[in-house]
Amino acid sequence: MIDNLDFKNDYNPLIFYQRTYDFLKNEKELTENVLEWLYCNYSNIALDALNIIDKFKVKKVISESNQILYVIKNNKIEKFICLPDVHYCSCDKFIKQVIIQEKENMCEHLLSAVIAEKIPLKIKEINLSNEEFAKLLMSI
Ligand SMILES: [Zn+2]
């Protein structure tokens, strides 16, 4: 367990994202302590992320050469692509609040992709050829 993130001092979204990403990657499951930490540091983003996972909106897409991306269904038409390894989500909120304004270090989609691994029954896995995977990436 790491300390809660201090958003007030020298806030650098990428550094804080990396800390969260590393921390969650090392936790085997979503224990009470991890959930509490998530609420403490991400409040509404954490709630929205858990809601996304609970509604089976996270798809893990794996290429032949084992590259991974996540597709998060937003509504009937809109989908976002998340690349947790490189700190990216294709949604507008990520571009505005994370990249441009540096107000947040991730959106609910990216957080849902990071924590979905801890709840494997809630994510659907899809295997694609390298060509199909590349096409999906280029559709962003
Ligand atoms: Zn997003």
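The legends below describe close-up views of a predicted model.

Residues are numbered from 1 along each chain as its sequence is written. In this predicted model, local features need pLDDT of at least 70 and side-chain atom pairs count only at pLDDT 80 or more, while totals for chains, interfaces and linings use all residues.

**View 1. Confidence along the chain.** The mean pLDDT of the chain (the predictor's confidence in each residue, from 0 to 100) is 91, and 92% of the residues score at least 70. Confidence is highest in β1, at 97, and lowest in helix α1 (residues 13-26), at a mean of 90. Helices (H or I, at least four residues) and strands (E, at least two) are DSSP runs, numbered from the N terminus.

**View 2. The five-stranded open sheet.** The sheet has 5 strands in the order β4-β3-β2-β1-β5, with mixed pairing. β4 (88-89) and β5 (124-128) are at the edges and each has a single partner strand, so one side of each lacks a neighbour in the sheet. Two strands count as paired if DSSP finds at least two bridges between them. β1 and β5 run parallel and are joined by 5 bridges; S63 stands opposite L128 of β5.

**View 3. The two hairpins.** Strand β1 (residues 58-63) runs antiparallel to strand β2 (residues 68-73), with 5 bridges between them. I62 has I68 of β2 as its bridge partner. In this hairpin 4 residues lie between the strands, and N66 takes a positive phi near 70 degrees. β2 also pairs with strand β3 (residues 79-83), in the antiparallel sense and over 4 bridges. The hairpin of β2 and β3 has 5 residues between the strands.

**View 4. Surroundings of F80.** F80 is in strand β3, and I72 stands opposite F80. Leaving out residues up to four places away in sequence, F80 touches I72, N74, C89, S90, C91 and H109; contact means C-beta atoms, placed from the backbone, within 7 Å. The C-alpha atoms of F80 and C107 are 11 Å apart, with the two residues 27 residues apart along the chain.

**View 5. The largest nonpolar core.** A nonpolar core is a set of buried Ala, Val, Leu, Ile, Met, Phe, Trp, Tyr and Cys residues joined through C-beta atoms within 7 Å. The largest such core has 28 residues, of which A49, C82, C107, L110, L111 and A113 touch the most other members. At least two core residues come from each of α2 (32-54), β2, β3, α3 (92-100) and α4 (108-116). α2 supplies the largest share, 9 residues. Apart from residues up to four places away in sequence, C82 touches L69, Y70, I72, Y88, C89, H109, L110 and A113.

View 6. S43, in helix α2, has a positive phi of about 25 degrees. S43 counts as exposed, with 10 C-beta neighbours inside 10 Å. E102 lies in the loop between α3 and α4, and its phi is near 55 degrees. E102 also counts as exposed, with 12 C-beta neighbours inside 10 Å.

**View 7. The annotated span.** An unreviewed UniProt entry annotates residues 70-118 as "domain: SWIM-type". UniProt positions are given in the numbering used here, feature names are shortened, and annotations may be inferred rather than shown by experiment. In the model, residues 70-118 are 37% helix and 22% strand, and the end C-alpha atoms lie 14 Å apart.

Notes
Buried ≥ 20, exposed ≤ 12 C-beta atoms within 10 Å, placed from the backbone. Contact = placed C-beta atoms within 7 Å.
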